[in-house]
Amino acid sequence: MTYQEFAKRAMDYAQKIGCASSELFYANGESFEVNANAGEIDRYSVSREAGVSVRVSINGREGYAYTERIDDPEKLVDHAADNAKCNESTDDHPMQTKQTYQEVHREDSALKHLSESERIALAKKLEQTCLALDPRVKRVVYCTVGYDSGAIVMENSLGLHAERTSDSSYIYVMPSVEDGVELQTGFAFFMGTEAANVEACAKEAVEDALNKLGASPVDSGCYRVLLKPYAMSDLLTAFSPMFSADEAQKGCSLLAGKEGETIASEIVTIWDDPFDPVAPRAFDGEGTPCIKKAVVEHGVLKTLLHNLKTAKKAGTESTGNASRRSAASAVGVSPTVFRVEPGKLGYDELVRELGTGLVITELEGLHAGVDEVSGDFSLKAAGFLVENGAVVRPVSNITVAGNFVSMMKDVIAVGSDLRFGMPQGGYVGSPSVLVSGLTVAGN
Amino acid sequence: MNPTPTGLISELTALAVLKEAQKSGADYAELFLEDNESTRIEMIDGKVESANYSRICGAGVRVLLGTQSAYAYCADINEQSLMDTARAAAAALGEAKFAPNGEITLSRNNFTTPVKQRFDSIGNADRIDVMRKGARAIKAASPEVTQALVRYLDQVQRVTIVNTDGQFVTDERPRTRIYLQAIAMNGTEAQTGYEGPGCIRGFETYREVIDVEKHAKSAADMAVTMLHAPECPAGNLPVVIDGGFGGVIFHEACGHSLEATAVGRNNSVFCGKLNTKIAADCVNAVDDGTMPGEWGSINVDDEGGKPQRNLLIENGVLKGYLIDKLGSRRMGMPSTGSSRRQGYMFAPTSRMTNTFICEGSDDEEEMISGMTEGLFARKMGGGSVNPPTGEFNFSVAEGYWVKNGKIVSPVRGATLIGKGSEVLLKIDRVGKTMTMAPGMCGSLSGSVPTNVGQPRIRVSGMTIGGKGGAIE
């Protein structure tokens, strides 16, 4: 059965059994990933995927069902209808109607036009480049090159039709270095139009590893902290649910009802920019046209992020932030491309501005050591000790603890070095950010 | 859904696919087919917020040539797609050269899990009844509990594994889990407590094994206790870690570094350490995939291997690793029935099952009463590790500060960090009663259910992260 036949039968059947509206979300994709190890292809994976989710509304209640077997539309709709009937939420979740979208230009990602053997060669070169950079690089723990492409099609009984294709290219590498005394690992990740730049990726990863040699903890205490882009964007990713109106309406966000209030230092501006070249898109996970907006402007919370459901409940408009983590997931809320507006200071100037304190280059344990409800975090960290504006030595095996909401008020400088972190469902970027005080546990 | 002892594919088709996969010279080929139906329901404050059904269905073909591997998969199990997928996997190893000679004789092995009440024999109303019990018990525990969140999952994963070693294996894997979360609030602050029991069984689990109300109360108590807890002080001090989910320390600090994924690539601190001392004398540890009904148990591993009880550490001495087929080729050691994957979208690799520190002989009460100052970590949160360095981190979900042998206050926001190789040597007490708790473990081959476990233990010194001042 073709997908078109499946879709038509599903929507006809939904209407027949009394669904007020029905919607189909179809996603397909192809992916390629290769890992090089000791000059050989070590892991290699290619795939072709497709799945469809149906969402129905019966008596104001919605239900979902997803399948990868495009063979029995009626069974799928029955599952969705069953799920709708047991839903007790009184929140109305409207479906989007027919829309027009602005044209979005997307640069081809770097690996799009490479052949498979060229991509494999790139992985081997990434490993080789790391090994050649410094004799202390003994091995490369992993060294991965990947390319994904796919399409989504959304259509519903209210006339919505939205579709797009997308692709992504990425490389990442973890070299390990040894100096006879200890072993350290480094990491770098490049994506999009930068994903073929193996020299820069290797150099960044090897420097990251070498910089950690000789690292030790610092004494426990309160430090001024400069969070480098990866660390800051990881924190912002972990706490991005705070900006979701869905979390706010469930009583799970400290930012609930704070629109118009100052929630951060006045030098902090955060954009949700669906048109950012890193991952531009014209519509969100419900087919609502996307808009660019400041979420925090000079420290003031301008808006929470809404989908159609949360907007209706709050008596406002959707901000175009409906999301589906995958075709199998229900509609939620998340940022599109979320980034902290860069300031003017370069990294060296920020280190001078820091004076005495810590530079934090990486944070670990973000899936466990953050409480997105309370804003508290306590995370394993690594970086450098800085005294009188100069880097003194590397630091590891410490934890950094604070509260995200109060930390945002304690921002005293924002750098010019915007970088995006490794995407974890969404794209989040930040420049280096200097904060006045975080609690460090070490010696 | 009907049991399918015949599998998701005919023998004839399977053999044709394997033959195609070997055309570029692979010395081993394997086909993994999956048909997986699941139901997820979410309830907020006693009201069903969403219900979702999903059916994942696809297949993966893996080829090995020496220590090279390639994997291809597709979200389809018809013959044409499988042949295309086999060709894609084969192409990664080079040009198609020859058809492998030699007939493969398949020997069949069909596994099922004993289930009294199948998930396809119940309706959403049955699931919701169980959830509502949990939600009510959370709310009833204290007026400070402002919100109850209950998530329910049941899933039946049916797999067929066929390989050029001649195995044709089918397995049906039902499992269910209920996640109970309480939020306690007082004006400006909010704290969370949770429990997430699960079983490899049918729906009878909720009558016979899991007491939802008991777990709900425990989640609520944890949220309320933490609401009144000051921030944990930072420092390097002794830590007592309770049994059950406390075993996550061993899982992170040691378990991942014993997987062939790390060891076979020389990326583990425990490489070349077999039969040497890596832990204190009081430490014995095991990974056992054969325990009936346990969350981390398997009937058969994801490349057709037989699960076993793997002794990892005996009296502080390293005795074994966790090895899959590819790891076995790299390491020159037999595989240990440890190959697992989330589903067809992942090539299998060495993973843990039910992993725990075995029972010791120390008195649980004395561990606290004999401590001058330190942390009692009653419930752990999650954590992670970097296997090449062995550096790990994990969060403490429910902690208590101990001074002069007595618990003086609950503390919140604690994190524990360290190096696996150092912490294992610093374990100075192991209690008498081992308990386990379920979790989802994420690694190269996706997210798989694993149990962690241990008796109560004490570590003589660890870095405790927190942002609180001294506790008097």
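Analyst: Two strands pair if DSSP finds at least two bridges between them. Strands (E, at least two residues) and helices (H or I, at least four) are DSSP runs, numbered from the N terminus. This is a predicted model: local features need pLDDT of at least 70, side-chain atom pairs count only at pLDDT 80 or more, and totals for chains, interfaces and linings use all residues. Residues are numbered from 1 along each chain as its sequence is written, chains are lettered from A and ligands numbered from 1 in the order written, and side-chain values use heavy atoms, without hydrogens or water.

User: In which sense do β10 and β11 of chain A pair?

Analyst: Antiparallel, over 2 bridges, with β10(A) covering residues 293–297. A:Val296 has A:Leu301 of β11(A) as its bridge partner.

User: What is the strand order of the open sheet in chain A?

Analyst: The 6 strands run β11-β10-β9-β14-β20-β19, with mixed pairing.

User: What is the order of the open sheet in chain B?

Analyst: Its 6 strands follow β12-β11-β10-β15-β22-β21, and the pairing is mixed. Strands β12 (317–318) and β21 (435–443) of chain B each have a single partner strand, so one side of each lacks a neighbour in the sheet. Inside the order, β10(B) (285–288) and β15(B) (354–357) run antiparallel, joined by 3 bridges. There, B:Ala285 stands opposite B:Ile357. Helix α6 (residues 248–255) of chain B packs on this sheet, and its direction makes about 115 degrees with that of β22(B).

User: Which strands pair between chain A and chain B?

Analyst: Strand β2 (residues 40–58) of chain A pairs with β3 (residues 68–74) of chain B, parallel, over 4 bridges. A:Ser47 stands opposite B:Tyr73.

User: How much area do chain B and chain A bury between them?

Analyst: The size of an interface is often given as the accessible area lost when the parts come together. Here that is about 5500 Å², 47% of it on carbon and sulfur atoms. The figure uses a 1.4 Å probe and is summed over both parts. B:Tyr53, B:Arg55 and B:Lys467 supply 12% of the area that chain B buries against chain A, more than any other three residues. In contact are 72 residues of chain B and 68 of chain A.

User: How many salt bridges cross the interface of chain B and chain A?

Analyst: Side chains of opposite charge can pair when their charged atoms come close. The rule (a side-chain nitrogen of Lys or Arg within 4 Å of a carboxyl oxygen of Asp or Glu) finds 8 across this interface. One of them joins B:Glu49 to A:Lys309, closest N and O atoms 3.2 Å apart. Strand β2 (residues 47–65) of chain B gives the most to the side of chain B that touches chain A, with 11 residues.

User: How many salt bridges does the structure hold over all chains?

Analyst: There are 63. Among them, A:Glu362 pairs with A:Lys212, closest N and O atoms 3.0 Å apart. A:Glu362 lies in strand β15 (residues 357–364) and A:Lys212 in helix α4 (residues 198–212), both of chain A, so the pair ties together parts 150 residues apart in sequence.

Notes: Contact means heavy atoms within 4.5 Å. Buried area is the accessible area (1.4 Å probe) that two parts lose on being put together, summed over both. Axes are lines fitted to C-alpha atoms, for helices over the stretch in contact, and angles run from 0 to 180 degrees between N-to-C directions.
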